[in-house]
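Keep the structure open beside you and try each task before reading the solution.

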Amino acid sequence: MTWSIQLTLWSLPPALAGLLVLRDGAFLWPRRRETGTLALLALVVSAGAWALLDFVCVTSPSLPVKLLTTRLEYLPASGAAMTWAGFGLVYAGRSGGLKRWPMLLFCTMALATAGAALAPKTTAWFIQYPVLQPFDGVVGLQVRHGVGHWVSQGVRFGGVLAGTLTISRHLARIPGERRRVLDAFSAAALALAPAVLQQLGARGAEWADLSSAGFALGGTALVWGLMRPRILHLGPVNRDLVLNELDDPIVVMDARGHLVDVNRAGREELGLEPYGDVPLGLGTLWVKGRFGTGFIHSQ
């Protein structure tokens with residue numbers, strides 16, 4: 001059996017998206033105990049799986065391979081939409097909404113569309129008249145989309161917009177964090193821009209949908225816009241005001257006794273660093289806290 005691939009500029013977006021996902025995953029995994037991190041990690045993994053399938057589709061000159069990977073892409077695409085909406089609920093402190101009927105109905109619709117795309121008898125609802133089309137020296141897959149594709153597209157848009165609006169409403173109520181509303185909407189714009197460009201008939205978009213790269217970029221924007229400043233686990237409390245500006249050391253711990261965050265005084269006077277194990281027992285550390293150490297123990 002002979003294998004061949006076509007590496008062009010069109011294969012760069014999904015490849016770079018895969019690298020972004022690896023970097024985001026490496027950043028999120030040590031922080032998985034923080035509120036909302038697991039939901040965001042699930043979003044990153046879904047975008048990574050989608051980008052991998054997209055890379056195979058773009059680089060393969062085989063029609064059967066392109067058709068198979070295109071069908072498989074509907075599953076991580078639905079997963080990315082669900083996790084984006086779920087992250088919005090968890091981030092806003094409304095994790096109970098994950099079990100309510102609107103979210104359950106949304107997830108059922110997302111999984112149903114992905115399952116229909118994978119079933120051979122219903123594939124025509126998504127992909128019609130597939131042909132290989134030469135473009136800029138490479139062979140791309142050109143198809144006509146059926147009604148199932150547009151339903152799936154609506155699920156993606158709905159998940160991203162619902163999650164983004166939930167995040168934005170939460171941030172708008174926190175003094176000092178309203179500027180991050182723009183970060184949330186910028187992430188949504190990055191995720192949805194490729195699909196919009198495809199509908200507008202951008203050059204090459206008729207057979208090279210870069211939505212996987214868009215979702216990877218959107219996920220990165222969420223990670224570095226919301227996670228890096230460490231505002232997930234503090235919610236409405238302004239971290240800079242409460243932690244950094246105090247002269248007394250403050251240590252934030254989770255229920256397992258792991259350090260979640262340490263303010264400037266805690267790092268300088270106690271020699272502690274966030275996201276590590278407490279080197280001393282909690283009682284011992286309290287006794288030795290000659291600086292009036294305070295502990296915020298988060299359940």
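**Exercise 1.** How many cavities of 30 Å³ or more does a search of the whole structure find?

*Solution.* This is a predicted model, in which local features need pLDDT of at least 70 and side-chain atom pairs count only at pLDDT 80 or more, while totals for chains, interfaces and linings use all residues. Residues are numbered from 1 along each chain as its sequence is written, and side-chain values use heavy atoms, with hydrogens and water left out.
- Take the definition: on a 1 Å grid over the protein atoms alone, a cavity is a set of points where a 1.4 Å probe fits but cannot get out.
- The search then finds two cavities of 30 Å³ or more.

**Exercise 2.** Find which residues line the second largest cavity.

*Solution.* 
- Lining residues have an atom within 4 Å of a point; here they are V21, D24, L43, V44, A47, F215, A216 and G219.
- The helices α1, α2 and α8 each give two or more residues to this lining.
- Sorted by class, the lining has six nonpolar, one polar and one charged residues, with Gly counted as polar and Asp as charged.
- The space inside is about 30 Å³.

**Exercise 3.** Work out which residues touch the most other members of the largest nonpolar core.

*Solution.* 
- A nonpolar core joins buried Ala, Val, Leu, Ile, Met, Phe, Trp, Tyr and Cys residues through side-chain atoms within 4.5 Å; buried means under 20% relative accessible area (1.4 Å probe, protein chains only).
- Among the 33 residues of this core, the answer is L28, L40, W84, F215 and L222.
- α8 gives the most to this core, with eight residues.

Notes: Buried means under 20% relative accessible area, exposed over 50%, partly exposed in between (1.4 Å probe, protein chains only). Helices (H or I, at least four residues) and strands (E, at least two) are DSSP runs, numbered from the N terminus. On a 1 Å grid over the protein atoms alone, a cavity is a set of points where a 1.4 Å probe fits but cannot get out, and a pocket is an open set with protein on both sides within 12 Å along at least five of seven lines; lining residues have an atom within 4 Å of a point. Grid points are joined across faces, edges and corners, and a volume is the space filled by probe spheres set on the points.
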